[in-house]
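Here are my notes for you to read alongside the model. I have put them as numbered points so that you can check each one as you go.

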Amino acid sequence: MANLQSSSFLLTLCLFLITSLSSDFDPSQDFCVGDLKASPSTINGFPCKSSVSSNDFVFSGLKGPLNTSNPNGATVASGNVLTFPGLNTLGVSMNNVEFAPGGVGQPHTHPRATEAGVVIEGSVFVGFLTTNNTLFSKVLSAGEMFVVPRGLVHFQFNVGKGKARLITVFNSQLPGAVILPNTLFGSNPAIPNAVLTKTFRIDDVTVNNIKSKFVV
Ligand SMILES: *[C@@H]1O[C@H](CO)[C@@H](O)[C@H](O)[C@H]1NC(C)=O
Ligand SMILES: *[C@@H]1O[C@H](CO)[C@@H](O)[C@H](O)[C@H]1NC(C)=O
């Protein structure tokens, strides 16, 4: 009985250790500036560039201001391994997100990372949903930080009168983004209407109407 208990304890401990590992692999060298042109790319990230300089470790792409004249009234500039190869193998990335008044960061998930963010300017309603559909949300102003647990659906909405800006950080070099309206209504090839009419309990006309707004 004691043996059974201790082995199930060990099993639980192993499962806990496996599931609590950080989302990207730990690097096995100081750095590995990604050589994006090298082929084939490896399964997890890119091979290392053979020659590097200081410029490989800095990125100027988060400065803004961004053009938010689009249907969402929001634009994201990403500093991930694809735009900033110096992040390769280091397990971190950042975004600059800007919103026009009323702009929305549509409900989305990052399958490979937990997200933290800080409001730099404006007033932003941020929220995430748990796997049991509980909404945790709050209006934040400049200097306030939030966190979104890995993989959970979340959104941001500019509730201020002026523009709003966030800086977000991820514990992955390439967190990925599943943007729900685009995924469901703007995929290529499209999800058949029969799936969407049944899922959302709406008719074909409504599905086609929504699809027409999310063409890829
Ligand atoms: C912003 O983007 C819109 C839509 O693409 C474009 O029409 C407009 O010229 C852009 N504005 C600036 C200042 O680049
Ligand atoms: C869902 O999770 C929340 C937060 O952990 C908890 O308070 C609530 O009771 C749960 N609701 C259901 C229906 O399980």
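1. Start with the side chains of D56 and K49, which form a salt bridge at 2.8 Å, N to O. The term is used here for a side-chain nitrogen of Lys or Arg within 4 Å of a carboxyl oxygen of Asp or Glu. D56 is buried at a relative accessible area of 15%, whereas K49 is partly exposed at 32%. Buried stands for under 20% relative accessible area, exposed for over 50% and partly exposed for what lies in between, with a 1.4 Å probe and protein chains only.

2. A word on the basis of all this: the model is predicted, so local features need pLDDT of at least 70 and side-chain atom pairs count only at pLDDT 80 or more, while totals for chains, interfaces and linings use all residues. Residues are numbered from 1 along each chain as its sequence is written, chains are lettered from A and ligands numbered from 1 in the order in which they are written, and side-chain values use heavy atoms, with hydrogens and water left out.

3. How many salt bridges does a search of the whole structure find? It finds three. Besides the D56 and K49 pair, the side chains of E98 and K163 meet at 3.2 Å, N to O. That pair links distant parts of the chain, with E98 in strand β2 and K163 in the loop between β8 and β9, 65 residues apart. E98 is buried, with a relative accessible area of 1%, and K163 is partly exposed at 34%.

4. E98 also meets R165 in a salt bridge of 3.9 Å, N to O. Here too the pair links distant parts of the chain: R165 belongs to strand β9 and E98 to strand β2, 67 residues apart. Both R165 and E98 are buried. Through shared partners, the salt bridges join E98, K163 and R165 into one network.

5. Please look at D24 as well, in the loop between α1 (2-19) and β1 (74-79). D24 is buried yet has no salt bridge, and the nearest side chain of opposite charge, R112, is 6.2 Å away. For charge, Lys and Arg count as positive and Asp and Glu as negative; His and the chain ends are not counted. What does the side chain of D24 reach at 2.7 Å? The backbone nitrogen of Q173. D24 and S172 are joined through their side chains by a polar contact of 3.2 Å. A polar contact is a pair of N or O atoms within 3.5 Å; within protein, one must be able to donate a hydrogen and the other to accept it, and residues adjacent in sequence count only if both atoms are side-chain atoms. Apart from neighbours within four places in sequence, D24 is in contact (heavy atoms within 4.5 Å) with G91, N171, S172 and Q173.

6. Now the overall layout. The protein chain has four helices and ten strands, in the order α-β-β-β-β-β-β-β-β-β-β-α-α-α from the N terminus on. Helices (H or I, at least four residues) and strands (E, at least two) are DSSP runs, numbered from the N terminus. Of the 216 residues in the protein chain, 32% are buried. Among contacts with a separation of 6 or more, 68% come from residues 24 or more positions apart.

7. For the strands, pairing requires that DSSP finds at least two bridges between them. One open sheet has five strands in the order β6-β5-β8-β3-β10, with antiparallel pairing; its edge strands, β6 (135-141) and β10 (178-179), each pair on one side only. Five bridges connect β5 to the antiparallel strand β8 (residues 154-158), and F128 stands opposite H154 in β8. Elsewhere, β4 (residues 115-121) runs antiparallel to β7 with four bridges, A116 facing V147. β4 also pairs with β9 in the antiparallel sense over six bridges, with E115 opposite F170.

8. Last, the largest nonpolar core, which has 13 residues, and in which F99, V119, V124, V126, L140, F146 and L166 have the most contacts. At least two residues come from each of β2 (93-99), β5 (123-129), β7 (145-148) and β9 (164-170), and β5 gives the most, with three. Such a core is a set of buried Ala, Val, Leu, Ile, Met, Phe, Trp, Tyr and Cys residues joined through side-chain atoms within 4.5 Å. Leaving aside neighbours within four places in sequence, V124 touches residues including V119, L140, F157 and L166.
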